[in-house]
Amino acid sequence: MSKVAIIGAGVSGLSMANYLEKNNFDYHIYERRTEDDVKGHGFILPKEGIEYLSQIIDIESLYKKGSFLKKYICYCHNGEVLSEKDLDDVFVISRSELIEILSKGVPSGNISYEKTLTVDDFSNGKANLSLDDKTSIDADIIIASDGSRSRTRRKIFEDEVIKAVLENEVVNIIEDEEIANQIESNFLKFHHKNGGLTFGILKLSPTKILWYCQFDITKYFINEDYTPDCIKQFMLDNFGDWNPLVSSIINGSSYENAHIWRVYELEKLNPFYHNNVVFLGDAAHPLIPFTSQGVTSALKDSYTLTQLLMEGENLQETLKKYEEERKPEIEIHIKNGRTLLNQFLLPLNEQPKNTLPISYK
Ligand SMILES: Cc1cc2nc3c(=O)[nH]c(=O)nc-3n(C[C@H](O)[C@H](O)[C@H](O)COP(=O)(O)OP(=O)(O)OC[C@H]3O[C@@H](n4cnc5c(N)ncnc54)[C@H](O)[C@@H]3O)c2cc1C
């Protein structure tokens, strides 16, 4: 049986490991972070993402850790309601909770933390792999799920152009029962009238909310120390005079776990495989956050690749089919993401009304 090495235990790598585990593959997953260092933001999952997750996890455990969103309410920054839309099975969960749930499906003997795995070179069409302590790792198939700035990808496709996206985000998860009650299960998003600046609020649980801001990096600047004080100052400077709900949240938040996300995209997609290395999730196709499709796409990549591997054809044929199945849909999300980004940069009165922050294929 083929031996599979997975690089990275984010949502992509862990969902792949869950699928391989359920189908009795011989695999091992290597993750460079420590087991408990799960930073990050929250995920909005459209219905399709939940359907894929339900194949590999106990879906009730997911429902306990996040919440379904009922309505998307779009506001001007002063609090005037601009539009409302019902949401159909859209779910929100923190990244750390989802990673924890997915990790439970991988036996401890199949995952190593604090291990950075590198593709060194290729001989006879196969990648040579080593860990940071120089131990060689033997594998027939290498699944690179090492994120949007994948080193594996950059090593193989040396000419690729990775670009900073004009939008970045600050994301924070805070305990606030009162506001969680107040916003009910709605997804609230406030937009500055000049465009390029938004503030979103979502309820994660009866006591926790997730808030995030999106900003045009050509107009708004954050001190690159990224300390909690710098992030707080940035939020106060730019959102301090917004609607009282927004200003009370940013004033009342702790910034110890606030996170700044620099967003990147590829100028042009690379092939999704090279010899016996195959790319999954953000490593194959970083998506602009406006699509809310990063997790669902990663789950679909894992599902598709597992199904094709089970057919047991020649590996190159399998990887070719994987790319043929997944690339067209990803190209649609990339196009939609760029459209949503361009709309976000426009003054509010030039933006289309009723646009959901989700890309549908
Ligand atoms: C601001 C922002 C908001 C987003 N919001 C949403 C949303 O609402 N909904 C949604 O679906 N998606 C969203 N996404 C996208 C989503 O985060 C990703 O698509 C999803 O998490 C899949 O990531 P991944 O597992 O491919 O990569 P990552 O989460 O980046 O995981 C890669 C893992 O690989 C490890 N690693 C890297 N190199 C090595 C190595 N050499 N050896 C071992 N380990 C290594 C890293 O430590 C990391 O754990 C958002 C992204 C951003 C930036």
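Ser-15, Asn-18, Tyr-19 and Lys-22 in H1 touch Tyr-52, Gln-55 and Ile-56 in H2, where contact means heavy atoms within 4.5 Å. This is a predicted model, in which local features need pLDDT of at least 70, side-chain atom pairs count only at pLDDT 80 or more, and totals for chains, interfaces and linings use all residues. Residues are numbered from 1 along each chain as its sequence is written, and side-chain values use heavy atoms, with hydrogens and water left out. Helices (H or I, at least four residues) and strands (E, at least two) are DSSP runs, numbered from the N terminus.

**Helix H1 against helix H2**

- The axes of H1 (residues 11-22) and H2 (residues 47-56) come within 9 Å and cross at roughly 45°; axes are lines fitted to C-alpha atoms, for helices over the stretch in contact, and angles run from 0 to 180 degrees between N-to-C directions.
- H1 is therefore oblique to H2, given that angles under 35 degrees count as roughly parallel, over 145 as roughly antiparallel, 65 to 115 as roughly perpendicular and the rest as oblique.
- By class, the contact of H1 with H2 has three nonpolar, three polar and one charged residues. Ala, Val, Leu, Ile, Met, Phe, Trp, Tyr, Cys and Pro count as nonpolar, Asp, Glu, Lys and Arg as charged, and the others, Gly among them, as polar.

**The eight-stranded sheet**

- An open sheet of eight strands runs in the order S3-S5-S4-S13-S14-S15-S12-S16, with mixed pairing; two strands pair if DSSP finds at least two bridges between them.
- Its edge strands are S3 (42-45) and S16 (259-261), each of which pairs on one side only.
- From one strand to the next, the twist averages 30°.
- Within the sheet order S3-S5-S4-S13-S14-S15-S12-S16, S4 (residues 67-76) and S13 (residues 186-191) pair in the parallel sense over six bridges. Ile-73 stands opposite Leu-188 in S13.
- H2 packs on the sheet and touches S3, S4 and S5, its direction making about 10° with that of S5.
- H10 lies across S12 (167-175), S14 (197-203) and S15 (208-216), and runs at about 80° to S15.

**Salt bridges**

- The structure holds 16 salt bridges, each being a side-chain nitrogen of Lys or Arg within 4 Å of a carboxyl oxygen of Asp or Glu.
- Arg-33 and Glu-31 form one at 3.7 Å, N to O. Both Arg-33 and Glu-31 are buried, on a scale where buried means under 20% relative accessible area, exposed over 50%, and partly exposed in between (1.4 Å probe, protein chains only).
- Glu-265 and Lys-163 form another, with their closest N and O atoms 4.0 Å apart. Glu-265 lies in S17 (residues 264-266) and Lys-163 in S11 (residues 162-164), so the pair ties together parts that are 102 residues apart in sequence.
- Glu-265 is buried at 8% relative accessible area, whereas Lys-163 is partly exposed at 32%.
- Lys-320 and Glu-324 are also bridged, at 3.7 Å, N to O. The two are four residues apart in H10 (residues 315-345), a separation of about one helical turn. Lys-320 is partly exposed, at 38% relative accessibility.
- Salt bridges with shared partners join Glu-48, Lys-300, Asp-301, Arg-326 and Glu-329 into one network.

- Asp-89 has a positive phi of about 50° although it is not a glycine. Asp-89 sits in S5 (residues 81-94) and is partly exposed, with a relative accessible area of 36%.
- Lys-134, not a glycine either, has a positive phi of about 75°. Lys-134 is placed in the loop between S8 (126-131) and S9 (136-137) and is exposed, at 70% relative accessible area.
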